[in-house]
Amino acid sequence: MYYVYILESVTSKKYYIGYTNNLETRLNSHNNGLQRWTRNKGPWKLVYSEQFDDKRTAILRERELKNKKSRVVLEYLINKNNIAMGG
């Protein structure tokens, strides 16, 4: 399984979009400063994820979200997901 995820910086409220095959390990690597783009900008919390059967589809979805470059779109996904999850 692969995942496309959105992280939110607890301090700056900025978002980061990525993909991985292990959400827990990836979140830990972001919070431990092991990822260049998120280093010194955390702590990070997982606010959204989508699951995919293959890496290629996950990468295409990640690119789609990154190309939108819209905080409104990202917040719509996050809020829609929170409602669906009962939160």
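Is tryptophan 44 buried or exposed? Tryptophan 44 counts as buried because its relative accessibility is 7%; buried means under 20% relative accessible area, exposed over 50%, and partly exposed in between, with a 1.4 Å probe and protein chains only.

Before going on, a note on the source: this is a predicted model, where local features need pLDDT of at least 70, side-chain atom pairs count only at pLDDT 80 or more, and totals for chains, interfaces and linings use all residues. Residues are numbered from 1 along each chain as its sequence is written, and side-chain values use heavy atoms, with hydrogens and water left out.

Now the strands, which like helices are DSSP runs numbered from the N terminus (strands E, at least two residues; helices H or I, at least four). Strand E1, residues 2-9, pairs with strand E2, residues 15-20, in the antiparallel sense over six bridges; pairing takes at least two DSSP bridges. Isoleucine 6 is opposite isoleucine 17 in E2.

There are two aromatic pairs in the structure. Rings of Phe, Tyr and Trp (its six-membered ring) pair if their centres lie within 6.5 Å; planes under 30 degrees apart are stacked, over 60 edge-to-face, and the rest tilted. Tyrosine 5 and tyrosine 16 make a tilted pair, 6.3 Å centre to centre with 40 degrees between the planes.
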